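Dear colleague,

Please find the structure below, handed over for your own work. My notes on its salt bridges follow.

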Amino acid sequence: MATIAVTGHVNLTGASLPHVEEALTALLSRYPAAELTGMSCLAPGADTVFGDAVVALGGRLVAVLPSGDYRARMAQGPHAAAFDRLLEAAAEIEVMPYRRAGTAAYAAANRLLLGRAELLVAVWDGGAGGRQGGTGDAVAAARARGIPVEVVWPAGAARQGSARPDPRDTP
């Protein structure tokens, strides 16, 4: 069984999404559907594209929700439908013991992801971050634990400014 977790930017540009989807699908296609488990927090951007790819390939999706209020905080506007669709498709849902989303909850979710993952896929431009629970933090923690990290940042991938940056994301 291949358990693959994802971390990545929430503020991918719309034009980036097909490039990231193609790269993630190619990466995940290396694993037979019956052996593929993908773990995602279902945040907008990288997490959602990853979750969609896992489901499309017939893999098993594990949703890791950092807090009890995570859907209300993260699944707003157009992302709400994608979040609900992936949550419905999830074979397993883990909710961290935090009432409110925040840095500690995101860091705890990352620890759970890394505790179960055999590989971390990072949809990441490689920028320095340093925020606890962010993409750079997850990559550094995985590498420190000896968990292989595969960075996915295909040609055409880009980030946009966000009116409400996700504290898990790198600046």
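Does Glu94 count as buried, partly exposed or exposed at 26% relative accessibility? Glu94 counts as partly exposed, where buried means under 20% relative accessible area, exposed over 50%, and partly exposed in between (1.4 Å probe, protein chains only).

The model is predicted: local features need pLDDT of at least 70, side-chain atom pairs count only at pLDDT 80 or more, and totals for chains, interfaces and linings use all residues. Residues are numbered from 1 along each chain as its sequence is written, and side-chain values use heavy atoms, with hydrogens and water left out.

A salt bridge is taken as a side-chain nitrogen of Lys or Arg within 4 Å of a carboxyl oxygen of Asp or Glu. By this rule there are eight salt bridges.

One of them pairs Arg116 with Glu92, with the closest N and O atoms 3.0 Å apart. Here Arg116 belongs to helix α5 (residues 103–116) and Glu92 to strand β4 (residues 92–95), 24 residues apart; helices (H or I, at least four residues) and strands (E, at least two) are DSSP runs, numbered from the N terminus. Arg116 is partly exposed at 31% relative accessibility, whereas Glu92 is buried at 19%.

Arg116 also forms a salt bridge with Glu94, at 3.5 Å between the closest N and O atoms. This pair likewise links helix α5 to strand β4, across 22 residues. Through shared partners, salt bridges join Arg60, Glu92, Glu94 and Arg116 into one network.

Elsewhere, Arg159 forms a salt bridge with Asp125, the closest N and O atoms lying 3.3 Å apart.

Yours sincerely
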